[in-house]
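Have the sequence and the model side by side. This report starts with the terms and then walks through the structure.

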Amino acid sequence: MASLNVGNLGEYLREQRRAAQLSLRQLADATGVSNPYLSQIERGLRKPSADVLQQVAKALRISAETLYVRAGILDEREREELETRAVILADPSINERQKNVLLQIYDSFRRENGFPPGPGADVNAEADAGASADAGAGGDAGGDAGTRDGDDAGTGATKDQHPHS
C-alpha cells in the first residue's frame with residue numbers, strides 16, 4: 001500500500017509522542033535529536049535515518065521495526081522476523097545463553113527452509129559465536145543437560161566398573 005510514506009511516518013510519530021504525553025522538546029531531549037529536526041520528521045519534510053528512528057522508538061517505548069516499516073527501510077516480512085527475535089531476547093524466563101542458542105536454531109531453520117538469516121541475525125552474530133562455544137561444550141540446546149549427564153555417567157561407569165570387576 002502506498003500509504004507507507006514519510007508523511008504517514010510523521011503522523012504516526014506525532015500520535016505516539018502525544019500518547020506518551022511528551023512535548024516535541026521533551027522527545028528531543030530524550031533522543032538527542034534536535035527539536036527542529038523532529039518537527040520536520042513529524043511534518044513529513046525529512047526522512048530520518050534508521051539510527052534516529054531507533055532513538056525515537058526507544059524514547060517512545062515502541063517497536064523500532066514498526067518505524068522502519070513505516071519509513072520504508074524494512075518490508076513487513078523483515079519486521080516480523082525482527083519482532084520474533086525481539087520476543088526471544090525479551091523473554092525473562094530464559095537466560096542469555098539459552099536465548100542465543102534459540103536464535104541460532106531459529107536461523108538454522110530459516111536457512112533450511114530457503115530463507116536467508118534475517119536482518120537481526122547480523123546484529124547477534126558476535127553473541128551467536130559465543131553461544132556456539134557454549135552449546136558445543138554440551139551438545140544442542142535440547143540435549144544440553146542429557147549430553148552432560150551421559151558424559152558424566154560414562155566416565156563414572158568406567159571408574160566404577162573396574163573396582164567391581
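## Terms and model

Buried means under 20% relative accessible area, exposed means over 50%, and partly exposed lies in between (1.4 Å probe, protein chains only). Helices (H or I, at least four residues) and strands (E, at least two) are DSSP runs, numbered from the N terminus.

This is a predicted model: local features need pLDDT of at least 70, side-chain atom pairs count only at pLDDT 80 or more, and totals for chains, interfaces and linings use all residues. Residues are numbered from 1 along each chain as its sequence is written, and side-chain values use heavy atoms, with hydrogens and water left out.

## Overall build

The protein has ten helices and zero strands. Along the sequence the pattern reads α-α-α-α-α-α-α-α-α-α. Of the 165 residues, 30% are buried.

The protein exposes about 10,200 Å². Carbon and sulfur atoms supply 51% of that area. Accessible areas come from the Shrake-Rupley method with a 1.4 Å probe; for residues, only the protein chains shown count as cover. Now take contacts, meaning heavy atoms within 4.5 Å. Among contacts between residues at least 6 apart in sequence, 50% join residues at least 24 apart.

## Helix H7

Helix H7 covers residues 96-112.

At the start of H7, a side-chain oxygen of Asn95 comes to within 3.1 Å of the backbone nitrogen of Arg97. Just after H7, Gly114 has a positive phi of about 85°. Which residues of H7 are buried? They are Lys99, Asn100, Val101, Leu103, Gln104, Asp107 and Arg110.

## A nonpolar patch

Leu102 sits in H7. Its relative accessibility is 36%, so Leu102 counts as partly exposed. Together, Leu102, Ile105 and Phe109 make a nonpolar surface patch of about 250 Å². Patches are made of residues with over 30% relative accessible area and no salt bridge: like charges are joined within 9 Å, nonpolar side chains (Val, Leu, Ile, Met, Phe, Trp, Tyr) within 5 Å.

## Salt bridges

A salt bridge is a side-chain nitrogen of Lys or Arg within 4 Å of a carboxyl oxygen of Asp or Glu. The structure holds five of them. One joins Arg17 and Glu42, at 2.6 Å from N to O. Arg17 lies in helix H1 (residues 6-19) and Glu42 in helix H3 (residues 35-42), so the pair ties together parts that are 25 residues apart in sequence. Both Arg17 and Glu42 are buried. Another pairs Arg85 with Asp107, with the closest N and O atoms 2.2 Å apart. Arg85 is in helix H6 (residues 76-90) and Asp107 in helix H7, so this bridge links parts 22 residues apart in sequence. Arg85 is buried, at 2% relative accessibility. Asp107 is buried too, at 4%.

Glu96 and Lys99 also form a salt bridge, at 3.3 Å from N to O. They are three residues apart in helix H7, so about one helical turn separates Glu96 from Lys99. An α-helix has 3.6 residues a turn, so residues three or four places apart point the same way. Is Glu96 buried or exposed? At 51% relative accessibility, Glu96 counts as exposed. Lys99, at 6%, is buried. Finally, salt bridges that share partners join Arg14, Arg17 and Glu42 into one network.

Conventions. Polar contact = N/O pair within 3.5 Å; in protein donor to acceptor, adjacent residues only side chain to side chain.
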